[in-house]
Amino acid sequence: MALNADGARRESASPPRQREAVDITGPTKPYRALRSAAHLVNRAYWRVEVQGAPSVPSSGPVIIAPVHRSFMDFFVVSEVTRRKIFYMAKDELWNVALLGRFLDSMGAFPVHREGADRLAMSHAQAVLEAGMVLVVFPEGTRRSGPVVGDLLEGAAFLSARTGAAIVPVGIGGTEAAMPKGKKLVRPVKVKLVVGEPIVPAPRPAGARVRRSELRATSDVLREDLQRLFDLARAAVGDA
């Protein structure tokens, strides 16, 4: 038994595909080049606008927690901060070699969502303990529609373990631009609304993370995400 990406204990039928380690050094030249290219595409093609970006702390460990309605979210969420970003992403994406290399360059690492994945959680914790920024999609997978449902508890668990603030982000427009299951991307305007950080309560070193604490944090995060998602959707005419 082991912790998986949602902070629960589950058995794994098959071992996840993982790299040996995650490079948690500062941004490399290839990373900077890719971020610059992504920024140009985001601004020119999707006319991405960000509201509330100063809410993202400029230093220290941070968990960016966006809603997830499109594969595009992976790219546009980088607009909320200039800091180097790391991502937890489903391991199936690495089945395409070229995409896998791109994801590696962008600071992503795979997580096996169907069972226990101690290594992915270890990578995520190492990123945060190094004072970096980690993107975790708390809905766990791409969903559809205007309602933010129950969340997985991975973001709350990592926040409690590392002291990282969780920054909720509503994203409007990406589902219309590239819905789940579609491969073509429409040039639809995208709006990101960044909320205030959710700061975990102090926890004594070595103390166990209580499930009640995870549920409470996840409930607050879900409420914030729904409010920010509603604002983002209204800004682009989705509501």
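A pocket is an open set of points on a 1 Å grid over the protein atoms alone, with protein on both sides within 12 Å along at least five of seven lines, where a 1.4 Å probe fits; lining residues have an atom within 4 Å of a point. The model is predicted, so local features need pLDDT of at least 70 and side-chain atom pairs count only at pLDDT 80 or more, while totals for chains, interfaces and linings use all residues. Residues are numbered from 1 along each chain as its sequence is written, and side-chain values use heavy atoms, with hydrogens and water left out.

**View 1. The second largest pocket and its lining.** This pocket holds about 340 Å³ of space, the volume being the space filled by probe spheres set on the points. Its lining includes Pro27, Tyr31, Arg32, Arg35, Ser36 and His39. Also among the lining residues are Ser78, Glu79, Thr81, Arg82, Arg83 and Lys84. By class, 2 lining residues are nonpolar, 4 are polar and 6 are charged. Here Asp, Glu, Lys and Arg count as charged, Ala, Val, Leu, Ile, Met, Phe, Trp, Tyr, Cys and Pro as nonpolar, and the others, Gly among them, as polar.

**View 2. The salt bridge between Lys189 and Glu49.** A salt bridge is a side-chain nitrogen of Lys or Arg within 4 Å of a carboxyl oxygen of Asp or Glu, and the count by this rule is 6. In the pair shown, the closest N and O atoms are 2.9 Å apart. Lys189 lies in the loop between α6 (174-177) and β9 (191-194) and Glu49 in strand β3 (residues 49-51), so the pair ties together parts that are 140 residues apart in sequence. Helices (H or I, at least four residues) and strands (E, at least two) are DSSP runs, numbered from the N terminus. Lys189 is partly exposed at 22% relative accessible area, and Glu49 is partly exposed at 37%. Buried means under 20%, exposed over 50%, and partly exposed in between (1.4 Å probe, protein chains only).

**View 3. The salt bridge between Lys191 and Glu49.** The closest N and O atoms of this pair are 3.8 Å apart. Lys191 in strand β9 and Glu49 in strand β3 are 142 residues apart, and the pair links distant parts of the chain. Lys191 is buried, at 12% relative accessibility.

**View 4. The salt bridge between Arg227 and Asp224.** These side chains meet at 4.0 Å, N to O. Arg227 and Asp224 are 3 residues apart in helix α7 (residues 211-235), so about one helical turn separates them. Arg227 is partly exposed at 44%, whereas Asp224 is buried at 18%.
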